[in-house]
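My entries follow in the order in which I checked them.

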Amino acid sequence: MKNLFVAVLLFAFVQLNAQGLKNVFSKTIANATNNKTSTTSGDEIGNALKEALQKGIERGTAKLSAPDGFFKDAAVKILLPPEAQKAGEKLRALGFEKQVDDAVLSMNRAAEDAAKTATPIFVNAIKQMSITDAVGLLKGGDSAATKYLREKTTTQLTNAFKPVIEQSMAKTDATKYWNTFTTSYNKIPFVKKVNTDLAAYVTEKALSGIFYQLALEEQKIRKDPVARTTDLLKKVFGN
C-alpha cells in the first residue's frame with residue numbers, strides 16, 4: 001500500500017511538472033512570435049505596404065491596358081451610361097446594332113488605352129501615404145489600403161485622368177462613335193434626348209475598374225506567399 005501511495009504521488013508530480021513545462025514552452029513560443037513582429041519597424045511596414053500597392057498597380061494596370069482588358073472582363077466592362085441604356089435598346093430594335101456595339105467597344109478601348117498612363121499617377125499618390133497610415137492599414141481588411149487610396153486620391157486622380165481619357169477617346173474614335181449613337185437616337189421623334197458627359201462617365205468607370213483590380217492584387221499579397229516577390233514583402237506580410 002505504501003508503494004502504491006508513493007507511485008501515485010510520483011505520477012502526480014510528473015504530471016504537474018509536465019504541465020508547467022508545457023506552459024513555459026507556450027509562453028516561449030508566444031514571446032518569440034511577439035519579438036519577431038516587434039522587429040518589424042514602422043518604416044519597414046510603411047515601405048512594404050507602399051511597395052505592395054505599387055506592384056499591385058503595375059500588375060493591375062498591365063492587365064487592364066492589354067487588348068480586351070476592360071472589354072472582356074465582366075467585372076470592369078464599361079457599359080452604356082444608365083440614361084443611354086434605353087436609347088441603346090431602342091436603336092437595336094430599329095436595326096442600329098452596329099452603332100450601339102461600336103459605342104460600347106470604343107469606350108472600353110479608351111479605358112484600356114488610358115490605363116497605360118495610370119501607374120505614375122497612382123505611384124505619386126502612394127508616396128504621400130504616412131507611416132502611421134501604413135501601419136494602420138496593414139492591420140486592416142483585405143483591401144484596406146485600396147479603400148484608403150480611393151478615398152484619399154479619387155478627386156485628384158479624376159482631375160488628372162480625365163484629360164487622358166479624352167485623348168484616348170479621340171484616339172480610339174470613342175467620341176465619334178458616341179456622337180453617331182446619340183445623333184441617331186436623338187433624331188427619333190418624341191424621345192428624351194441623350195446628352196451625357198461621356199468623358200466624365202468613362203473616367204469614373206475606368207478608375208473604378210483600376211481600383212477593383214488593385215484590390216484583387218492587394219488581397220493576393222496579403223494571402224498568397226507566392227505573390228510576395230521581395231524580402232521586405234515576405235518579412236512584413238509573413239508576420
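The entries below go from the whole chain to single residues.

**Ground rules.** I note that this is a predicted model, in which local features need pLDDT of at least 70, side-chain atom pairs count only at pLDDT 80 or more, and totals for chains, interfaces and linings use all residues. Residues are numbered from 1 along each chain as its sequence is written, and side-chain values use heavy atoms, with hydrogens and water left out.

**Fold.** I looked up the secondary structure and found ten helices and zero strands, where helices (H or I, at least four residues) and strands (E, at least two) are DSSP runs numbered from the N terminus. Along the sequence the pattern reads α-α-α-α-α-α-α-α-α-α.

**Surface and contacts.** Of the 239 residues, 40% count as buried, the classes being buried under 20% relative accessible area, exposed over 50% and partly exposed in between (1.4 Å probe, protein chains only). I then took contacts (heavy atoms within 4.5 Å) between residues at least 6 apart in sequence, and 84% of them join residues at least 24 apart.

**Core.** What is in the largest nonpolar core, and which residues have the most contacts inside it? I find 60 residues there, with Phe122, Phe161 and Phe181 having the most contacts inside it; helix α9 (residues 198-223) gives the most to this core, with ten residues. The term stands for a set of buried Ala, Val, Leu, Ile, Met, Phe, Trp, Tyr and Cys residues joined through side-chain atoms within 4.5 Å. Leaving aside neighbours within four places in sequence, I list Ile57, Leu149, Leu157, Leu207, Ile210 and Phe211 as the contacts of Phe122.

**Rings.** I searched for aromatic pairs, meaning rings of Phe, Tyr and Trp (its six-membered ring) with centres within 6.5 Å, where planes under 30 degrees apart count as stacked, over 60 as edge-to-face and the rest as tilted. The count comes to one pair: Trp178 and Phe181 are stacked, at 5.1 Å centre to centre with 20° between the planes. Both lie in helix α8 (residues 174-186), three residues apart, about one turn of the helix, and both are buried.

I also checked for charges over rings (NZ of Lys or CZ of Arg within 6 Å of the ring centre and within 35 degrees of the ring normal). The charged end of Lys77 sits over the ring of Phe71, 4.5 Å from its centre, and Lys176 lies over the face of Tyr177 at 5.0 Å from the ring centre.

**Positive phi.** Asp68 is not a glycine and yet has a positive phi of about 70°; I place Asp68 in the loop between α2 (42-65) and α3. Asp173, also not a glycine, has a positive phi of about 65° and lies in the loop between α7 (144-171) and α8. Why do I class Asp173 as partly exposed? I do so because its relative accessible area is 32%; for Asp68, also partly exposed, the value is 22%.

**Glu83.** I place Glu83 in helix α3 (residues 82-93) and class Glu83 as partly exposed because its relative accessible area is 47%. Not counting residues up to four places away in sequence, Glu83 touches Val194 and Thr196. Glu83 and Asn195 are 112 residues apart in sequence and 8.8 Å apart in space, C-alpha to C-alpha.
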